[in-house]
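Me: I have just opened this structure and would like to learn how to read it. Could you take me through some features one by one?

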Amino acid sequence: MRGSPLVRAILVVIALLALLVPLRTLTSRRSETATPLQQADQGSTARKRFRLELTSTTVPFKYQITSGGETIWSGESNSTTVATDAELKFPPEGIDLVVDASWTEKKQTAVRLALIPQDSAMIAQTIWGTTSVSEVLTFQEEK
Amino acid sequence: MTIVKGFLLSILFGATSAPLANAGEKLRIASFSTVLTEIVQQVGATHVDVAGLVKPGQDPHEYQPTPSDLKQAADAKLILLSGKHLEHYLDKIQQATGAKAESLAVGDAMPSLKMKADPDESQAEATAEQNGMIDDPHWWNSVSNVEKATMIVRDALTKLDPADQADYEKNAKAYLAKLDALDVWAKRKVAELPRDKRKLVTSHDAFQYLAKDYGFKVYAIEGVSTETEPSNRHVATLIDDIKSQHVKAIFLENTLNPKVSTEITRETGAKIGGSLYADGFGEGDGSTYEGMFRHNISTIVDSLK
(Lines give C-alpha, C1' and ligand atoms only; values in the text may rest on other atoms or scores of the structure.)
Protein backbone atom coordinates (compact mmCIF):
# COMPACT_ATOMS: atom_id res chain seq x y z
CA MET A 1 0.00 0.00 0.00
CA ARG A 2 1.33 3.38 -1.02
CA GLY A 3 1.03 6.78 0.82
CA SER A 4 2.16 8.12 4.13
CA PRO A 5 1.31 6.25 7.37
CA LEU A 6 -0.59 9.33 8.61
CA VAL A 7 -2.93 9.34 5.55
CA ARG A 8 -3.48 5.58 5.96
CA ALA A 9 -4.34 6.02 9.65
CA ILE A 10 -6.81 8.83 8.84
CA LEU A 11 -8.47 6.63 6.17
CA VAL A 12 -8.87 3.76 8.68
CA VAL A 13 -10.43 6.10 11.27
CA ILE A 14 -12.89 7.48 8.65
CA ALA A 15 -13.82 3.93 7.60
CA LEU A 16 -14.46 2.91 11.25
CA LEU A 17 -16.55 6.02 11.88
CA ALA A 18 -18.61 5.31 8.75
CA LEU A 19 -19.30 1.78 10.04
CA LEU A 20 -20.35 3.02 13.49
CA VAL A 21 -23.79 4.32 12.48
CA PRO A 22 -25.06 1.15 10.70
CA LEU A 23 -23.56 -1.06 13.43
CA ARG A 24 -25.34 0.91 16.15
CA THR A 25 -28.63 0.73 14.24
CA LEU A 26 -28.32 -3.03 13.79
CA THR A 27 -27.44 -3.83 17.39
CA SER A 28 -29.67 -1.36 19.25
CA ARG A 29 -32.85 -2.69 21.00
CA ARG A 30 -34.59 0.67 20.59
CA SER A 31 -34.96 0.23 16.86
CA GLU A 32 -36.99 -3.00 17.43
CA THR A 33 -39.29 -1.67 20.09
CA ALA A 34 -40.98 1.07 18.11
CA THR A 35 -42.31 -1.23 15.37
CA PRO A 36 -45.20 -3.14 17.04
CA LEU A 37 -46.95 -0.02 18.34
CA GLN A 38 -46.95 1.47 14.85
CA GLN A 39 -48.39 -1.81 13.57
CA ALA A 40 -51.07 -1.73 16.27
CA ASP A 41 -52.36 1.56 14.93
CA GLN A 42 -52.41 0.22 11.38
CA GLY A 43 -54.27 -2.91 12.52
CA SER A 44 -57.30 -1.07 13.92
CA THR A 45 -60.77 -2.14 12.77
CA ALA A 46 -62.46 -0.17 10.00
CA ARG A 47 -65.78 1.56 10.71
CA LYS A 48 -69.00 0.12 9.32
CA ARG A 49 -72.35 1.81 8.71
CA PHE A 50 -75.45 0.59 10.61
CA ARG A 51 -79.09 1.57 11.05
CA LEU A 52 -79.91 1.50 14.80
CA GLU A 53 -83.53 0.96 15.90
CA LEU A 54 -84.61 1.27 19.51
CA THR A 55 -88.08 0.16 20.64
CA SER A 56 -89.69 0.58 24.06
CA THR A 57 -93.12 -0.83 24.92
CA THR A 58 -93.68 2.09 27.34
CA VAL A 59 -93.65 5.72 26.18
CA PRO A 60 -92.41 8.35 26.66
CA PHE A 61 -88.91 7.08 27.33
CA LYS A 62 -85.39 8.48 27.64
CA TYR A 63 -82.45 6.60 26.15
CA GLN A 64 -78.69 6.63 25.81
CA ILE A 65 -76.51 4.24 23.79
CA THR A 66 -72.78 4.12 24.59
CA SER A 67 -69.97 2.46 22.63
CA GLY A 68 -66.34 2.35 23.72
CA GLY A 69 -67.07 4.74 26.60
CA GLU A 70 -68.62 7.39 24.30
CA THR A 71 -72.29 8.26 23.92
CA ILE A 72 -73.22 7.60 20.29
CA TRP A 73 -76.97 8.24 20.53
CA SER A 74 -79.28 9.73 23.18
CA GLY A 75 -82.66 11.45 23.42
CA GLU A 76 -86.26 11.22 24.50
CA SER A 77 -89.14 9.75 22.48
CA ASN A 78 -92.94 9.75 22.56
CA SER A 79 -93.18 7.03 19.93
CA THR A 80 -92.34 3.39 20.61
CA THR A 81 -89.60 3.16 17.98
CA VAL A 82 -86.76 5.57 17.20
CA ALA A 83 -84.00 5.09 14.62
CA THR A 84 -80.70 6.60 13.58
CA ASP A 85 -77.67 5.85 11.40
CA ALA A 86 -74.27 5.29 12.97
CA GLU A 87 -70.75 4.31 11.97
CA LEU A 88 -69.32 1.75 14.36
CA LYS A 89 -66.08 -0.19 14.64
CA PHE A 90 -67.33 -3.76 14.37
CA PRO A 91 -64.51 -6.31 14.77
CA PRO A 92 -65.13 -10.05 14.13
CA GLU A 93 -65.19 -10.55 17.94
CA GLY A 94 -68.36 -8.40 18.10
CA ILE A 95 -69.28 -5.11 19.71
CA ASP A 96 -70.55 -4.16 23.19
CA LEU A 97 -73.20 -1.45 23.37
CA VAL A 98 -74.36 -0.07 26.73
CA VAL A 99 -78.11 0.57 26.68
CA ASP A 100 -79.63 2.89 29.30
CA ALA A 101 -83.36 3.66 29.08
CA SER A 102 -85.92 4.91 31.59
CA TRP A 103 -89.59 5.91 31.70
CA THR A 104 -91.76 7.61 34.31
CA GLU A 105 -94.54 5.03 34.48
CA LYS A 106 -93.82 2.00 36.69
CA LYS A 107 -94.57 -0.76 34.25
CA GLN A 108 -92.92 -3.98 33.04
CA THR A 109 -91.33 -2.86 29.77
CA ALA A 110 -89.39 -4.50 26.95
CA VAL A 111 -86.62 -2.51 25.29
CA ARG A 112 -85.24 -3.83 21.99
CA LEU A 113 -82.14 -2.60 20.21
CA ALA A 114 -81.64 -3.68 16.60
CA LEU A 115 -78.53 -3.20 14.45
CA ILE A 116 -79.20 -3.32 10.72
CA PRO A 117 -76.02 -3.54 8.62
CA GLN A 118 -76.09 -2.56 4.94
CA ASP A 119 -74.77 -5.90 3.71
CA SER A 120 -76.04 -8.54 6.15
CA ALA A 121 -78.95 -9.61 8.36
CA MET A 122 -80.36 -7.56 11.25
CA ILE A 123 -79.16 -8.46 14.77
CA ALA A 124 -81.32 -7.53 17.75
CA GLN A 125 -81.53 -8.00 21.51
CA THR A 126 -84.31 -7.37 24.04
CA ILE A 127 -84.01 -6.50 27.74
CA TRP A 128 -86.70 -5.99 30.37
CA GLY A 129 -87.20 -3.56 33.28
CA THR A 130 -89.86 -1.97 35.48
CA THR A 131 -88.75 1.68 35.62
CA SER A 132 -85.43 1.49 33.74
CA VAL A 133 -82.92 -0.77 32.01
CA SER A 134 -79.14 -0.50 32.08
CA GLU A 135 -77.24 -3.30 30.42
CA VAL A 136 -74.26 -4.14 28.26
CA LEU A 137 -75.43 -5.94 25.10
CA THR A 138 -73.00 -7.85 22.91
CA PHE A 139 -73.72 -8.00 19.18
CA GLN A 140 -71.99 -10.38 16.79
CA GLU A 141 -72.60 -10.65 13.10
CA GLU A 142 -73.83 -14.02 11.84
CA LYS A 143 -71.29 -15.77 9.62
CA MET B 1 -85.70 -35.04 99.89
CA THR B 2 -84.48 -31.45 99.58
CA ILE B 3 -81.04 -32.71 98.59
CA VAL B 4 -82.51 -34.97 95.87
CA LYS B 5 -84.71 -32.11 94.63
CA GLY B 6 -81.70 -29.79 94.51
CA PHE B 7 -79.67 -32.41 92.60
CA LEU B 8 -82.45 -32.89 90.04
CA LEU B 9 -82.85 -29.12 89.61
CA SER B 10 -79.12 -28.66 89.09
CA ILE B 11 -79.14 -31.36 86.39
CA LEU B 12 -82.14 -29.70 84.73
CA PHE B 13 -80.61 -26.23 85.03
CA GLY B 14 -77.29 -27.50 83.78
CA ALA B 15 -78.95 -29.15 80.80
CA THR B 16 -80.74 -25.96 79.79
CA SER B 17 -77.91 -23.57 80.51
CA ALA B 18 -75.22 -25.39 78.44
CA PRO B 19 -76.50 -24.34 74.97
CA LEU B 20 -77.06 -20.79 76.22
CA ALA B 21 -73.41 -20.63 77.28
CA ASN B 22 -72.36 -21.96 73.83
CA ALA B 23 -74.64 -19.51 72.07
CA GLY B 24 -72.49 -16.61 73.29
CA GLU B 25 -69.30 -18.20 72.00
CA LYS B 26 -67.85 -17.16 68.68
CA LEU B 27 -67.24 -19.77 66.02
CA ARG B 28 -63.52 -20.14 65.44
CA ILE B 29 -62.69 -20.17 61.74
CA ALA B 30 -59.30 -20.66 60.07
CA SER B 31 -59.03 -19.43 56.49
CA PHE B 32 -56.27 -20.21 53.99
CA SER B 33 -57.50 -17.66 51.43
CA THR B 34 -57.66 -13.88 51.73
CA VAL B 35 -60.89 -13.84 49.71
CA LEU B 36 -62.55 -16.46 51.93
CA THR B 37 -61.36 -14.58 55.03
CA GLU B 38 -63.33 -11.52 53.86
CA ILE B 39 -66.39 -13.58 52.94
CA VAL B 40 -66.58 -15.34 56.31
CA GLN B 41 -65.99 -12.06 58.18
CA GLN B 42 -68.79 -10.38 56.21
CA VAL B 43 -71.27 -13.26 56.57
CA GLY B 44 -70.32 -14.34 60.09
CA ALA B 45 -69.84 -10.78 61.44
CA THR B 46 -70.01 -10.80 65.26
CA HIS B 47 -70.62 -14.56 65.47
CA VAL B 48 -67.19 -15.58 64.17
CA ASP B 49 -63.58 -15.25 65.21
CA VAL B 50 -61.56 -15.58 62.01
CA ALA B 51 -57.85 -16.37 61.70
CA GLY B 52 -56.75 -15.36 58.20
CA LEU B 53 -53.63 -17.50 57.84
CA VAL B 54 -52.67 -16.56 54.27
CA LYS B 55 -52.06 -12.84 54.58
CA PRO B 56 -52.69 -10.08 52.00
CA GLY B 57 -49.76 -9.88 49.58
CA GLN B 58 -48.64 -13.43 50.31
CA ASP B 59 -48.38 -15.78 47.32
CA PRO B 60 -50.71 -18.73 48.04
CA HIS B 61 -48.71 -20.89 45.58
CA GLU B 62 -45.64 -20.53 47.78
CA TYR B 63 -47.26 -20.26 51.22
CA GLN B 64 -46.23 -22.81 53.85
CA PRO B 65 -48.13 -22.94 57.17
CA THR B 66 -46.09 -22.15 60.28
CA PRO B 67 -46.50 -24.20 63.49
CA SER B 68 -48.56 -21.28 64.87
CA ASP B 69 -50.82 -21.37 61.75
CA LEU B 70 -51.35 -25.11 62.18
CA LYS B 71 -52.23 -24.62 65.85
CA GLN B 72 -54.85 -22.02 64.91
CA ALA B 73 -56.23 -24.41 62.29
CA ALA B 74 -56.36 -27.20 64.89
CA ASP B 75 -58.35 -24.94 67.25
CA ALA B 76 -60.90 -24.00 64.58
CA LYS B 77 -64.42 -25.36 64.14
CA LEU B 78 -64.22 -24.75 60.41
CA ILE B 79 -61.22 -24.58 58.06
CA LEU B 80 -61.77 -22.73 54.79
CA LEU B 81 -59.61 -23.72 51.83
CA SER B 82 -59.52 -22.40 48.27
CA GLY B 83 -59.49 -25.94 46.87
CA LYS B 84 -58.73 -26.98 43.28
CA HIS B 85 -55.34 -28.37 44.48
CA LEU B 86 -54.03 -24.92 45.52
CA GLU B 87 -53.27 -26.02 49.09
CA HIS B 88 -50.30 -28.32 48.48
CA TYR B 89 -49.80 -28.44 52.27
CA LEU B 90 -53.17 -30.11 52.88
CA ASP B 91 -51.58 -33.20 54.50
CA LYS B 92 -49.91 -30.95 57.11
CA ILE B 93 -53.27 -29.42 58.02
CA GLN B 94 -54.88 -32.84 58.29
CA GLN B 95 -52.06 -34.10 60.52
CA ALA B 96 -52.26 -31.01 62.73
CA THR B 97 -56.02 -31.02 63.15
CA GLY B 98 -56.43 -34.80 63.34
CA ALA B 99 -59.51 -34.31 61.11
CA LYS B 100 -61.34 -32.77 64.13
CA ALA B 101 -62.32 -29.54 62.40
CA GLU B 102 -64.51 -29.51 59.34
CA SER B 103 -62.50 -28.61 56.21
CA LEU B 104 -64.32 -26.93 53.38
CA ALA B 105 -62.56 -26.64 50.00
CA VAL B 106 -64.88 -23.95 48.66
CA GLY B 107 -63.51 -23.82 45.10
CA ASP B 108 -64.09 -27.54 44.57
CA ALA B 109 -67.83 -26.85 44.38
CA MET B 110 -67.41 -24.62 41.32
CA PRO B 111 -67.10 -25.57 37.66
CA SER B 112 -63.44 -25.67 36.63
CA LEU B 113 -61.62 -24.16 33.72
CA LYS B 114 -58.61 -26.21 32.71
CA MET B 115 -55.01 -25.16 32.37
CA LYS B 116 -51.69 -26.84 31.55
CA ALA B 117 -49.97 -28.39 34.57
CA ASP B 118 -46.59 -26.92 35.36
CA PRO B 119 -44.12 -29.80 34.87
CA ASP B 120 -41.74 -28.24 37.40
CA GLU B 121 -44.34 -28.19 40.13
CA SER B 122 -44.76 -31.61 41.76
CA GLN B 123 -48.21 -30.94 43.25
CA ALA B 124 -49.64 -29.72 39.95
CA GLU B 125 -48.13 -32.69 38.14
CA ALA B 126 -49.58 -35.11 40.70
CA THR B 127 -53.12 -33.79 40.19
CA ALA B 128 -52.87 -33.45 36.40
CA GLU B 129 -55.14 -35.45 34.14
CA GLN B 130 -53.78 -37.75 31.43
CA ASN B 131 -53.65 -34.88 28.93
CA GLY B 132 -51.50 -32.85 31.35
CA MET B 133 -54.31 -30.48 32.27
CA ILE B 134 -55.32 -29.41 35.78
CA ASP B 135 -58.19 -27.44 37.31
CA ASP B 136 -57.41 -23.72 37.27
CA PRO B 137 -57.41 -22.76 40.98
CA HIS B 138 -57.93 -18.98 40.50
CA TRP B 139 -61.75 -19.11 40.77
CA TRP B 140 -61.94 -15.87 42.82
CA ASN B 141 -61.14 -13.78 39.73
CA SER B 142 -64.80 -14.23 38.73
CA VAL B 143 -67.42 -12.29 40.70
CA SER B 144 -70.04 -14.98 40.07
CA ASN B 145 -67.73 -17.57 41.65
CA VAL B 146 -67.28 -15.35 44.71
CA GLU B 147 -71.07 -15.11 44.91
CA LYS B 148 -71.24 -18.93 44.92
CA ALA B 149 -68.52 -19.02 47.60
CA THR B 150 -70.56 -16.61 49.74
CA MET B 151 -73.55 -18.96 49.62
CA ILE B 152 -71.36 -21.96 50.45
CA VAL B 153 -69.87 -20.16 53.48
CA ARG B 154 -73.34 -18.99 54.60
CA ASP B 155 -74.62 -22.58 54.50
CA ALA B 156 -71.57 -23.91 56.36
CA LEU B 157 -71.97 -21.34 59.16
CA THR B 158 -75.69 -22.10 59.41
CA LYS B 159 -74.93 -25.82 59.74
CA LEU B 160 -72.49 -25.17 62.60
CA ASP B 161 -74.64 -22.53 64.31
CA PRO B 162 -78.32 -22.88 63.31
CA ALA B 163 -79.42 -20.44 66.05
CA ASP B 164 -77.92 -17.51 64.13
CA GLN B 165 -79.21 -18.54 60.70
CA ALA B 166 -81.22 -15.33 60.24
CA ASP B 167 -78.10 -13.19 60.75
CA TYR B 168 -76.04 -15.26 58.33
CA GLU B 169 -78.76 -14.98 55.68
CA LYS B 170 -79.12 -11.22 56.16
CA ASN B 171 -75.35 -10.62 56.05
CA ALA B 172 -74.88 -12.86 53.00
CA LYS B 173 -77.69 -11.06 51.17
CA ALA B 174 -76.05 -7.68 51.82
CA TYR B 175 -72.64 -8.94 50.65
CA LEU B 176 -74.18 -10.55 47.54
CA ALA B 177 -75.84 -7.23 46.65
CA LYS B 178 -72.40 -5.56 46.77
CA LEU B 179 -70.99 -8.26 44.50
CA ASP B 180 -73.88 -7.83 42.04
CA ALA B 181 -73.18 -4.09 41.87
CA LEU B 182 -69.47 -4.81 41.36
CA ASP B 183 -70.24 -7.10 38.42
CA VAL B 184 -72.52 -4.47 36.82
CA TRP B 185 -69.76 -1.87 37.19
CA ALA B 186 -67.16 -4.25 35.72
CA LYS B 187 -69.32 -5.05 32.67
CA ARG B 188 -69.78 -1.34 31.93
CA LYS B 189 -66.10 -0.59 32.44
CA VAL B 190 -65.00 -3.47 30.18
CA ALA B 191 -67.51 -2.32 27.53
CA GLU B 192 -65.28 0.77 27.11
CA LEU B 193 -62.71 -1.55 25.53
CA PRO B 194 -63.45 -2.85 22.01
CA ARG B 195 -63.66 -6.65 21.89
CA ASP B 196 -60.71 -6.95 19.49
CA LYS B 197 -58.49 -5.24 22.07
CA ARG B 198 -59.34 -7.64 24.92
CA LYS B 199 -56.02 -9.46 24.93
CA LEU B 200 -54.60 -10.01 28.35
CA VAL B 201 -50.90 -10.80 28.75
CA THR B 202 -50.15 -11.43 32.41
CA SER B 203 -47.19 -12.67 34.38
CA HIS B 204 -48.90 -15.92 35.33
CA ASP B 205 -51.95 -17.76 34.13
CA ALA B 206 -54.42 -16.56 36.79
CA PHE B 207 -57.13 -14.70 34.88
CA GLN B 208 -58.98 -17.35 32.86
CA TYR B 209 -62.17 -16.96 34.94
CA LEU B 210 -62.12 -13.16 34.56
CA ALA B 211 -61.39 -13.56 30.83
CA LYS B 212 -64.35 -15.91 30.37
CA ASP B 213 -66.73 -13.51 32.15
CA TYR B 214 -65.68 -10.41 30.23
CA GLY B 215 -64.59 -11.68 26.81
CA PHE B 216 -60.78 -11.51 27.08
CA LYS B 217 -58.22 -13.83 25.52
CA VAL B 218 -55.37 -14.68 27.89
CA TYR B 219 -51.70 -15.02 26.96
CA ALA B 220 -49.85 -16.05 30.10
CA ILE B 221 -46.13 -15.63 30.55
CA GLU B 222 -46.03 -18.51 33.01
CA GLY B 223 -48.20 -21.50 33.77
CA VAL B 224 -50.13 -22.04 36.96
CA SER B 225 -47.34 -21.43 39.44
CA THR B 226 -45.34 -18.34 40.25
CA GLU B 227 -42.45 -20.50 41.43
CA THR B 228 -41.03 -21.40 38.03
CA GLU B 229 -39.50 -19.38 35.20
CA PRO B 230 -41.06 -19.78 31.75
CA SER B 231 -39.10 -21.66 29.07
CA ASN B 232 -37.28 -19.76 26.30
CA ARG B 233 -39.55 -21.39 23.72
CA HIS B 234 -42.68 -20.25 25.57
CA VAL B 235 -41.34 -16.70 25.81
CA ALA B 236 -40.47 -16.67 22.08
CA THR B 237 -43.99 -17.83 21.15
CA LEU B 238 -45.48 -15.24 23.44
CA ILE B 239 -43.39 -12.45 21.88
CA ASP B 240 -44.67 -13.52 18.43
CA ASP B 241 -48.27 -13.51 19.71
CA ILE B 242 -47.92 -10.08 21.29
CA LYS B 243 -46.51 -8.66 18.06
CA SER B 244 -49.06 -10.30 15.73
CA GLN B 245 -52.04 -9.47 17.98
CA HIS B 246 -50.91 -5.83 18.40
CA VAL B 247 -51.16 -6.06 22.19
CA LYS B 248 -50.61 -2.62 23.70
CA ALA B 249 -49.82 -3.55 27.29
CA ILE B 250 -48.80 -6.46 29.48
CA PHE B 251 -49.49 -6.81 33.19
CA LEU B 252 -47.43 -7.77 36.18
CA GLU B 253 -48.80 -9.03 39.44
CA ASN B 254 -48.23 -8.09 43.02
CA THR B 255 -46.60 -11.36 44.11
CA LEU B 256 -44.20 -11.93 41.23
CA ASN B 257 -40.72 -10.79 40.25
CA PRO B 258 -41.33 -8.72 37.08
CA LYS B 259 -37.97 -9.56 35.43
CA VAL B 260 -39.35 -11.75 32.61
CA SER B 261 -42.29 -9.44 31.88
CA THR B 262 -39.96 -6.47 31.63
CA GLU B 263 -37.75 -8.39 29.18
CA ILE B 264 -40.79 -9.15 26.97
CA THR B 265 -41.84 -5.49 26.86
CA ARG B 266 -38.37 -4.61 25.63
CA GLU B 267 -38.64 -7.15 22.82
CA THR B 268 -42.19 -6.31 21.73
CA GLY B 269 -42.59 -2.61 22.40
CA ALA B 270 -45.72 -3.25 24.49
CA LYS B 271 -45.84 -1.14 27.65
CA ILE B 272 -46.18 -2.35 31.23
CA GLY B 273 -49.90 -1.86 31.90
CA GLY B 274 -49.53 -2.01 35.65
CA SER B 275 -49.62 -4.52 38.45
CA LEU B 276 -52.60 -6.84 39.03
CA TYR B 277 -53.74 -8.73 42.12
CA ALA B 278 -53.88 -12.28 40.75
CA ASP B 279 -53.71 -14.53 43.81
CA GLY B 280 -55.78 -12.69 46.36
CA PHE B 281 -55.64 -9.46 48.31
CA GLY B 282 -52.72 -7.08 48.54
CA GLU B 283 -52.14 -3.84 50.37
CA GLY B 284 -53.82 -0.45 49.83
CA ASP B 285 -56.66 -0.47 47.30
CA GLY B 286 -56.30 -4.23 46.90
CA SER B 287 -57.00 -5.00 50.55
CA THR B 288 -60.69 -5.82 49.96
CA TYR B 289 -62.34 -7.94 47.28
CA GLU B 290 -64.12 -4.95 45.78
CA GLY B 291 -60.93 -2.88 45.83
CA MET B 292 -58.87 -5.70 44.31
CA PHE B 293 -61.38 -6.37 41.53
CA ARG B 294 -61.92 -2.69 40.69
CA HIS B 295 -58.16 -2.16 40.59
CA ASN B 296 -57.67 -5.13 38.23
CA ILE B 297 -60.48 -4.21 35.84
CA SER B 298 -59.59 -0.48 35.74
CA THR B 299 -55.88 -1.20 35.22
CA ILE B 300 -56.58 -3.65 32.38
CA VAL B 301 -59.16 -1.51 30.56
CA ASP B 302 -57.34 1.81 30.91
CA SER B 303 -54.04 0.32 29.70
CA LEU B 304 -55.44 -1.54 26.69
CA LYS B 305 -57.64 1.28 25.36
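Reply: Gladly! Helices (H or I, at least four residues) and strands (E, at least two) are DSSP runs, numbered from the N terminus. With that wording, B:H246 sits in the loop between helix 9 (232-244) and strand 9 (249-253) of chain B. The model is predicted, so local features need pLDDT of at least 70 and side-chain atom pairs count only at pLDDT 80 or more, while totals for chains, interfaces and linings use all residues. Residues are numbered from 1 along each chain as its sequence is written, and chains are lettered from A and ligands numbered from 1 in the order in which they are written.

Me: What is the phi of B:H246?

Reply: Phi of B:H246 is near 55 degrees, a positive value in a residue other than glycine. B:H85 also has a positive phi, about 60 degrees, and is not a glycine. You will find B:H85 in the loop between strand 3 and helix 4 (90-97) of chain B.

Me: Does B:H85 count as buried or exposed?

Reply: A residue is buried if 20 or more other C-beta atoms lie within 10 Å of its own, exposed if 12 or fewer, and partly exposed in between, with C-beta atoms placed from the backbone. B:H85 counts as buried because it has 21 C-beta neighbours inside 10 Å. B:H246 has 19 such neighbours, so it counts as partly exposed. Also, B:H85 and B:D135 are 50 residues apart in sequence and 7.8 Å apart in space, C-alpha to C-alpha.

Me: Which strand order does the open sheet of four strands in chain B have?

Reply: Strands of a sheet pair through backbone hydrogen bonds, either parallel or antiparallel. Here, two strands pair if DSSP finds at least two bridges between them. The open sheet of chain B has the order 2-1-3-4, with parallel pairing. Strand 2 (48-52) and strand 4 (102-105) of chain B are at the edges with a single partner strand each, so one side of each has no neighbour in the sheet. Within the sheet, strand 3 (residues 78-81) of chain B is joined to strand 4 of chain B by four bridges. To locate this pairing, look for B:I79 opposite B:S103 in strand 4 of chain B.

Me: Which residues have the most contacts inside the largest nonpolar core?

Reply: In soluble globular proteins, nonpolar side chains tend to be buried together. A nonpolar core is a set of buried Ala, Val, Leu, Ile, Met, Phe, Trp, Tyr and Cys residues joined through C-beta atoms within 7 Å. The largest one has 82 residues, and B:V40, B:I79, B:L80 and B:V153 have the most contacts inside it. Two residues are in contact if their C-beta atoms, placed from the backbone, lie within 7 Å. Leaving aside neighbours within four places in sequence, the contacts of B:V40 include B:I29, B:V48, B:L80 and B:V153.

Me: How many helices and strands are there in chain A?

Reply: Chain A has two helices and eight strands, in the pattern α-α-β-β-β-β-β-β-β-β along the sequence. Of its 143 residues, 15% count as buried. In strand 3 (residues 70-77) of chain A, the count of buried residues among the eight is zero. Seven bridges join strand 2 of chain A to strand 3 of chain A, and the two run antiparallel. A:Q64 stands opposite A:S74 in strand 3 of chain A. The hairpin of these strands has two residues between them, and A:G68 takes a positive phi near 60 degrees there.
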